[in-house]
Amino acid sequence: MPMTRRQILLALMPPLFFGTGFTVAKPAVEHFPPLFMMLMVYGGIAIVLGLTQRERLQTPVASIIAISAFAVTIQGALLFWGLRSAEMSATAANLILQIQIPFAVLLDWLIMRQRLDLRKVAGTAISISGVAIVIGLPNQAPGALPTVMIIVSAFCWALGQVLARKLGRDDGVGLLKANAFGSVPQLALATLLIEQGQWHSVETATWLQWSMLAFVGVVGFYLAYMCWFSLLRQCRMDEAAPFILLMPVVGILTAALVLGETVSAVQIGGGIVILTGLLIVSGIGFPRGLRSRG
């Protein structure tokens with residue numbers, strides 16, 4: 001069955017929130033140590049949801065630890081280590097990171113034992129080619145070690161999302177709360193062992209950097225993952241995950257509107273290719289015989 005209009009609207013929210021959140025949050029990302037910043041974000045989410053969502057979590061503690069470890073802590077550490085390397089450009093990292101989508105679809109097929117839908121696989125492949133057009137191929141090949149780090153990071157994110165589908169027993173807000181509770185102690189230990197200058201970043205942060213941190217926390221994480229986890233409770237991974245490929249498009253448009261950067265005709269064309277692939281994935285405009293039954 002094709003996705004409903006409500007599900008498609010919900011699927012558009014995570015890339016919108018992820019893309020705007022991370023683009024506008026550039027001053028915060030450059031100032032605060034990455035894992036420490038994630039600790040503050042998830043710590044804030046844990047406090048807010050702990051006070052406002054009093055329902056007891058249904059997801060087992062062991063499952064919460066596993067989901068948050070792969071989806072947040074390990075994924076974040078490997079991603080930022082890879083990005084920190086001088087041999088890895090932002091363009092190359094953004095392009096490599098899109099491998100998380102086929103990873104998520106294949107892991108969902110293996111773990112959830114659902115039938116692989118060839119139409120959705122084809123739509124995903126078309127959307128990935130659109131991402132390559134939007135971002136552009138890097139002029140210089142990235143280093144092997146940071147490339148492997150980002151690929152493993154993408155795999156961990158995808159595994160975390162599939163585990164959330166399989167092991168999660170809560171709704172979207174409940175899964176976000178569980179992820180926050182599980183990741184806070186992990187991130188605290190990780191930033192203490194790996195990073196330096198946490199307190200100095202707090203003392204020297206400007207009002208703009210604090211406001212950007214608040215924006216990425218509320219929009220880029222809280223709203224984005226609340227919609228994302230809600231979507232995972234309603235749709236198959238091969239329906240939900242490809243919509244994340246809209247993130248580069250949203251990021252470029254946000255940079256143009258907020259930061260004054262220019263958008264090229266090639267990037268617009270790449271965005272159209274991504275949307276075409278997503279139309280195929282969602283089943284819009286296809287005869288009933290060509291739509292998936294699963």
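The dialogue below goes through a predicted model.

Q: Start with the overall make-up. How many helices and strands does the secondary structure of the protein come to?
A: The protein has 14 helices and zero strands. From the N terminus on, the elements run α-α-α-α-α-α-α-α-α-α-α-α-α-α. Keep in mind that this model is predicted.

Q: What share of the residues of the protein count as buried?
A: The protein has 294 residues, and 51% of them count as buried.

Q: Among contacts between residues at least 6 apart in sequence, what share join residues at least 24 apart?
A: For the protein, that share is 91%. One pair shows how sequence and space can be set side by side. Serine 63 and leucine 163 are 100 residues apart in sequence. Their C-alpha atoms are 8.0 Å apart in space. Serine 63 lies in helix α4. With a relative accessible area of 12%, serine 63 is buried; the cut-off for buried is under 20%.

Q: Now helix packing. By what are two packed helices described?
A: Two packed helices are described by the angle between their axes and the distance between those axes. Take helix α3 (residues 34-52) and helix α4 (residues 61-84) as the opening case. Their axes come within 10 Å and cross at roughly 150°. That makes α3 roughly antiparallel to α4, since angles over 145 degrees count as roughly antiparallel.

Q: What is the handedness of the crossing where α3 passes α4, and which residues meet there?
A: The crossing of α3 and α4 is right-handed. On the α3 side stand Pro34, Leu35, Met38 and Tyr42. They meet Val72, Gly76, Ala77 and Phe80 in α4. By class, this contact of α3 with α4 has seven nonpolar residues, one polar and no charged.

Q: At what angle do the axes of α3 and α11 cross?
A: The axes of α3 and α11 cross at roughly 60° and come within 10 Å. That makes α3 oblique to α11. The crossing of α3 and α11 is right-handed.

Q: Which residues of α3 meet which residues of α11?
A: From α3 come Met37, Met40, Val41, Tyr42, Ile45 and Leu49. From α11 come Trp210, Leu213, Val216, Gly217, Phe221, Tyr222 and Tyr225. The contact of α3 with α11 divides into twelve nonpolar residues, one polar and no charged.

Q: How do helix α9 and helix α11 pack, in angle and in distance between their axes?
A: Helix α9 (residues 172-194) packs on helix α11 (residues 207-232) at an angle of about 125°. Their axes are 7 Å apart. α9 and α11 are therefore oblique to each other. Their crossing is right-handed. α9 brings Gly172, Val173, Leu175, Leu176 and Asn179 to the contact. α11 brings Tyr222, Tyr225, Met226, Phe229 and Ser230. By class, the contact of α9 with α11 has seven nonpolar, three polar and no charged residues.

Q: Turn to one residue. Where is glutamine 161 found, and what is it in contact with?
A: Glutamine 161 is found in helix α8. At 0% relative accessibility, glutamine 161 counts as buried. Leave aside its neighbours within four places in sequence. Glutamine 161 is then in contact with Ala71, Tyr225, Trp228, Phe229, Leu232 and Met237.

Q: How many salt bridges does the structure hold?
A: The structure holds two salt bridges. In one, arginine 165 pairs with aspartate 108. The closest N and O atoms of that pair are 2.6 Å apart. Arginine 165 lies in helix α8 (residues 144-167) and aspartate 108 in helix α6 (residues 100-111), so the pair ties together parts that are 57 residues apart in sequence.

Q: Are arginine 165 and aspartate 108 buried or exposed?
A: Arginine 165 is buried, and aspartate 108 is buried too.

Q: With which residue does arginine 236 form a salt bridge?
A: Arginine 236 forms a salt bridge with aspartate 238. The closest N and O atoms in this pair are 2.6 Å apart. At 8% relative accessibility, arginine 236 counts as buried. Aspartate 238 counts as buried at 4% relative accessibility.

How values were computed: Residues numbered from 1 in each chain as written. Predicted model: local features only at pLDDT ≥ 70, side-chain atom pairs only at ≥ 80, totals over all residues. Heavy atoms only, no water. Axes fitted to C-alpha atoms, helices over the stretch in contact; angles between N-to-C directions. Helix = DSSP H or I, 4+ residues; strand = E, 2+ residues; numbered from the N terminus. Parallel < 35°, antiparallel > 145°, perpendicular 65-115°, else oblique. Left-handed = near helix turned anticlockwise from the far one by under 90°. Contact = heavy atoms within 4.5 Å. Nonpolar A, V, L, I, M, F, W, Y, C, P; charged D, E, K, R; others polar. Salt bridge = Lys/Arg side-chain N within 4 Å of Asp/Glu carboxyl O. Buried < 20%, exposed > 50% of the residue type's maximum accessible area, 1.4 Å probe, protein only.
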